[in-house]
Amino acid sequence: MNEIKRKKDKITKIMLNILSIAPVIGGVVFWVLFKFVLTERLEERIPHSATVILLWMFAGLFYIIVITNLKKKSRLILAVLGMISFIAAAIVMTPLDRYVKLMLHTSQIISYILPVLMFVIFYVINIVWRKKVEG
């Protein structure tokens, strides 16, 4: 039983590390795209890309919660619902025009604040989970 927990913790730690560097990789990729390919509508594209990548990162975080709570049914159900919700939100927000219609037309300031808040919340949760896994 202890061996299974060790393997699960190792996988969790690897996934948390990947999720931790995802914004850096995404930032580099988006910088290249914004610099050379997607040079128009940057005021819409930057918060859009940040929001969508963070939605996918939260879905990944909920996936980690799912695999670490397989025996705890109530946590498992909540984690699956959270994962499905973030995946659905990411899919809905992925087309730029839909994002603009949903976010920028309702409140432009929220479209800039939301990714920053999501980023902070994600890293706080990531740090807490990392400490839990490490001991």
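Trainee: Is Ser-111 buried or exposed?
Mentor: Ser-111 counts as buried, at 0% relative accessibility. Buried means under 20% relative accessible area, exposed over 50%, and partly exposed in between, with a 1.4 Å probe and protein chains only. Keep in mind that this is a predicted model, where local features need pLDDT of at least 70, side-chain atom pairs count only at pLDDT 80 or more, and totals for chains, interfaces and linings use all residues. Residues are numbered from 1 along each chain as its sequence is written, and side-chain values use heavy atoms, with hydrogens and water left out.

Trainee: Where is Ser-111 placed?
Mentor: In helix H5, residues 108-134. Helices (H or I, at least four residues) and strands (E, at least two) are DSSP runs, numbered from the N terminus.

Trainee: And which residues is Ser-111 in contact with, leaving aside neighbours within four places in sequence?
Mentor: Pro-47, Tyr-99, Met-103 and Leu-104. Contact means heavy atoms within 4.5 Å.

Trainee: New topic. How many aromatic pairs does the structure hold?
Mentor: Five. Take Phe-122 and Tyr-123: their ring centres are 5.2 Å apart and their planes are at 90°, so this pair is edge-to-face. Rings of Phe, Tyr and Trp (its six-membered ring) pair if their centres lie within 6.5 Å; planes under 30 degrees apart count as stacked, over 60 as edge-to-face and the rest as tilted.

Trainee: Which residues form the aromatic cluster?
Mentor: Phe-58, Phe-62, Phe-86, Phe-119, Phe-122 and Tyr-123 form one cluster. Phe-122 is buried, with a relative accessible area of 0%.

Trainee: Pockets next. What volume does the largest pocket have?
Mentor: About 360 Å³. On a 1 Å grid over the protein atoms alone, a pocket is an open set of points where a 1.4 Å probe fits, with protein on both sides within 12 Å along at least five of seven lines; lining residues have an atom within 4 Å of a point. A volume is the space filled by probe spheres set on the points, which are joined across faces, edges and corners.

Trainee: What lines the largest pocket?
Mentor: There are 13 lining residues, and Lys-5, Lys-8, Asp-9, Thr-68 and Lys-72 lie nearest its centre. The lining divides into five nonpolar, two polar and six charged residues. Ala, Val, Leu, Ile, Met, Phe, Trp, Tyr, Cys and Pro count as nonpolar, Asp, Glu, Lys and Arg as charged, and the others, Gly among them, as polar.

Trainee: How many charged residues line the second largest pocket?
Mentor: None; that lining has nine nonpolar and three polar residues. The largest share of it, six residues, comes from H1.
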